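Here is a short briefing on one protein model.

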Amino acid sequence: MSIKFGTDGWRALMTEEFTESNVMLCAQAVSNYLLEQGSHQNGLIIGYDTRENSEIFAKAVAEVAASNEIPVVFCEGPTPTPVVSYNLTARDCAGGVIITASHNPKEWNGFKFRPGYGGSASPDIVAQIETHIEKLNNTISPNIMDFYHAQSIGIIEKIDASEPYMNHIASLVDLDGIRKAGLNVIVDSMHGAGCGYINELLRNGSTKIIEIRGDPNPSFPGMLQPEPIDQNLSELKTTVLENNGDVGLALDGDADRLGLVEDNGVYVSTLHTFALICKHLLENLGLKGTLVRSITMTNMIDQLGAIHGVSVVDTPVGFKHLGPVMMEEEALAAGEESGGYAFRGHIPERDGILSALFMLDMMVTTGKNPSELLEDLVHTVGPHYYKRIDIEFDPVDREKIRNILNDFQPQNISGLDVKKIDTRDGYRFILENKSWCLLRFSGTEPLLRIYAEANSDELVHSLLKSCQKLVSL
């Protein structure tokens with residue numbers, strides 16, 4: 001079979017392609033890559049999420065690495081992706097593997113590889129690993145070292161990765177100020193790897209944390225998938241209202257994404273959330289630096305950059321694109337529409353936990369709740385509305401859809417003139433009045449994603465309808 005890495009690693013259904021043998025094939029390819037780079041003695045850190053069999057898959061990766069005489073640092077218990085990534089950099093490991101399908105439905109699992117810098121693997125590194133997979137031709141050495149034997153001889157070391165991460169986070173955010181603020185915070189951990197983290201970071205103060213769905217559960221009950229988007233956060237919104245919460249914060253399955261709910265129980269788009277955090281960094285904390293955003297992220301970032309005299313760089317979707325630019329520019333922050341945001345002084349990778357803490361820090365610094373902060377944002381950059389819809393399609397129709405989009409050269413969409421067409425990642429139509437719409441294929445599932453941003457909700461829906469009609473089969 002052909003294993004291809006998408007926007008962030010390889011993901012597949014556990015009932016089909018995501019098998020232990022294929023995971024071991026990926027592990028051998030990563031081992032070969034590290035051996036080829038000559039960095040293998042620095043070791044490989046391995047973590048996993050709360051999904052069914054994730055620990056089994058992670059141990060299989062460890063056994064393959066150990067068989068290649070690569071020292072393994074194995075995270076004990078389900079561990080958030082940003083926690084694994086931070087420990088990777090703190091221990092100067094050669095690389096890291098996280099077994100997680102992030103926000104995908106429960107039937108999926110995934111294999112994320114992190115190079116030594118702790119961020120998503122660049123397209124060049126991904127290509128090298130995929131080449132090693134092809135060379136292996138589905139063949140794995142039968143001499144795989146048993147996990148517990150490898151542990152007994154010291155080639156596998158088990159660690160609790162949470163403490164080094166939490167100590168580092170304390171240097172980036174005023175945790176003591178948040179603890180003493182007397183906030184009423186509702187946290188939805190979505191039964192994922194982030195269970196308990198925010199509660200632990202903010203305990204022993206007047207700020208109260210109510211955590212829901214805070215026990216690891218591979219079935220992710222009550223949601224379509226552990227993705228912190230509006231349709232999956234009904235329980236969080238209700239809990240905020242019932243408990244007079246100041247804010248609702250949701251983490252996805254591996255805690256690298258953030259979902260935000262206002263004090264009035266209304267979901268806040270990921271575009272507005274990132275804009276709020278960037279506004280806090282620039283305006284309240286007085287920080288300076290380039291802002292990096294994906295092409296699916298809001299124009300509000302460009303406006304904030306212009307106001308504060310900092311540059312803005314846009315990239316294709318995925319932190320395999322944003323991360324390298326973030327490092328090159330020594331950027332202040334980077335963000336994408338999926339709810340993943342990264343910050344200077346940390347790892348060049350998404351961190352939902354740190355994003356949540358910056359949101360709380362903004363509330364404490366300004367003395368305002370999210371609904372008031374959003375009013376301030378609108379006053380600064382004007383009204384922005386956004387929506388994304390996902391359309392399932394039969395994989396056999398992919399090329400037909402692609403050909404339709406290739407041939408589509410409109411002068412206007414929904415009455416708005418087309419100023420530019422950007423095809424770096426899908427088909428992005430840049431329109432007048434700072435509006436835009438985009439059609440792109442998901443990197444992991446048979447989905448066509450359609451995005452739109454405009455200055456009115458009606459116009460957003462009109463843009464989405466026009467794009468959806470275009471690809472109706």
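Leaving aside its neighbours within four places in sequence, which residues is Gly 116 in contact with? They are Leu 88, Thr 89, Cys 93, Ala 94 and Gly 95, where contact means heavy atoms within 4.5 Å.

This is a predicted model: local features need pLDDT of at least 70, side-chain atom pairs count only at pLDDT 80 or more, and totals for chains, interfaces and linings use all residues. Residues are numbered from 1 along each chain as its sequence is written, and side-chain values use heavy atoms, with hydrogens and water left out.

**Gly 116**
- Gly 116 sits in the loop between β5 (108-115) and α4 (123-136). Helices (H or I, at least four residues) and strands (E, at least two) are DSSP runs, numbered from the N terminus.
- Its relative accessible area is 33%, so Gly 116 is partly exposed. Buried means under 20%, exposed over 50%, and partly exposed in between (1.4 Å probe, protein chains only).
- Ser 39 lies 77 residues from Gly 116 in sequence, yet 9.2 Å away in space, C-alpha to C-alpha.

**The sheet**
- Five strands form an open sheet with mixed pairing, in the order β8-β7-β9-β10-β11. Two strands pair if DSSP finds at least two bridges between them.
- β8 (208-212) and β11 (267-268) are the edge strands, each pairing on one side only.
- β7 and β9 (residues 247-251) run parallel and are joined by 4 bridges.
- Val 185 stands opposite Val 247 in β9.

**Helices on the sheet**
- Helix α9 (residues 234-242) lies across β7, β8, β9, β10 (258-261) and β11. It runs at about 155° to β9.
- Helix α13 (residues 352-366) also packs on the sheet, touching β7, β9 and β10. Its direction makes about 170° with that of β9.
- For these angles, axes are lines fitted to C-alpha atoms, for helices over the stretch in contact, and angles run from 0 to 180 degrees between N-to-C directions.

**Positive phi**
- Most residues other than glycine have a negative phi.
- His 191 has a positive phi near 60°. It is in the loop between β7 (184-188) and α8 (197-201), and is buried at 7% relative accessible area.
- Lys 434 has a positive phi of about 65°. It is in the loop between β19 (427-431) and β20 (436-441), and counts as exposed at 52% relative accessibility.

**Ser 371**
- Ser 371 belongs to helix α14 (residues 370-381). With a relative accessible area of 17%, Ser 371 is buried.
- Beyond its neighbours within four places in sequence, Ser 371 is in contact with Glu 262, Asp 263 and Asn 264.
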